[in-house]
Amino acid sequence: MNTLSNIPENIREIAERYKKEGEVIEVLPAKIQLKNNTYYYFNYLPKNSKLLVLEDGSVLPVDQIEWEALIANSFINAVDVLATVGEQWKRRKTFSIYRNVQKQLNQVEPLFRDAPIEIKKAYSDFCRIPKVVIENQEIILDSVNNALKLVKYTRKIGLITYEDYKSIRTLQLGLAEAGMKQNEVQMETYQSRVKTLNYLDEAKISLLDVKTSYAKKMLKIHHKRMHTDKPKTQSEYEDMKEAYRLKEESKLPITEWKAAPESLKYLRNPR
């Protein structure tokens, strides 16, 4: 693994030349191999300015390494998202919550056997939620765990390749899309949940049927915690916007991404 103390002295000296007063230099723990060239990637804090240095000590001008710099930056951003947002989503009690939702929906199912077709459809729509959420929570879990394995591997061998970049981007997109689907299924089923719960309010439940009464009560609580036909918070709205952006952006060359010009502004290679 690369550190400032163990990289070649001439490379460290080059990085020091581009350092400004009061800054701290970070070096990416692994070198980056792209288009048959291998680079050291430096970050200058607190401005987060970047520097790409070839293994032989050459510092190429920006117009010769735009693609490489954007790939390196995108790799780091993907790792950061998976390690922060991904870890946060992974730690949520999503599995236990939505397994309980499924259990409670199953508990009230007999009440819908003689319900009007429209109500049966609403109930069936409500039942989609736990299945979709749990399936996508598994994707979130796998994405974060596989990203951690990939980062550990690249640090161990001290090298990141273009294949590693494609892998980490796939995991980032998988994470974003899974979170988006979890939110979307709640928004799409809002009206069905309302119809289902209204029907349950009118259904005759025996006072002795404690399990069904409890299931009805818990479904109401879960419903209030879910999205309406819009994201529940501004943060979740921004998460969904970002997921849609990533999905569309992935269809374009990296040099055409909206953030590419801004990202290249922070590159300290000669212009």
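How many aromatic pairs does the structure hold?

1. The structure, a predicted model, holds four aromatic pairs. In one of them, phenylalanine 112 and tyrosine 123, the ring centres are 4.4 Å apart and the planes meet at 20 degrees, so the pair is stacked. The pair links distant parts of the chain, its members being eleven residues apart: phenylalanine 112 is in the loop between helix H3 (94-108) and helix H4 (117-157), while tyrosine 123 is in helix H4.

2. Phenylalanine 112 has a relative accessibility of 3% and counts as buried, because the cut-off is under 20%. Tyrosine 123 also counts as buried, at 9%.

3. Another aromatic pair, tyrosine 162 with tyrosine 165, is stacked as well, with 5.7 Å centre to centre and 25 degrees between the planes. Both residues lie in helix H5 (residues 162-188), three residues apart, or about one turn of the helix. Tyrosine 162 is partly exposed, at a relative accessible area of 33%, whereas tyrosine 165 counts as buried at 6%.

4. Ring pairs join Tyr162 and Tyr165 with Trp67 in a cluster. Over the ring of tryptophan 67 sits the charged end of lysine 35, 4.5 Å from the ring centre.

5. A charge is also placed over a ring at tyrosine 44: arginine 268 lies over its face, at 4.7 Å from the ring centre.

6. Serine 192 belongs to helix H6 (residues 190-202). With 13% relative accessibility, serine 192 counts as buried. Apart from neighbours within four places in sequence, serine 192 is in contact with Ala122 and Asp125.

Definitions and conventions
Residues are numbered from 1 along each chain as its sequence is written. This is a predicted model: local features need pLDDT of at least 70, side-chain atom pairs count only at pLDDT 80 or more; totals for chains, interfaces and linings use all residues. Side-chain values use heavy atoms; hydrogens and water are left out. Helices (H or I, at least four residues) and strands (E, at least two) are DSSP runs, numbered from the N terminus. Buried means under 20% relative accessible area, exposed over 50%, partly exposed in between (1.4 Å probe, protein chains only). Contact means heavy atoms within 4.5 Å. Rings of Phe, Tyr and Trp (its six-membered ring) pair if their centres lie within 6.5 Å; planes under 30 degrees apart count as stacked, over 60 as edge-to-face and the rest as tilted. A charge sits over a ring if NZ of Lys or CZ of Arg is within 6 Å of the ring centre and within 35 degrees of the ring normal.
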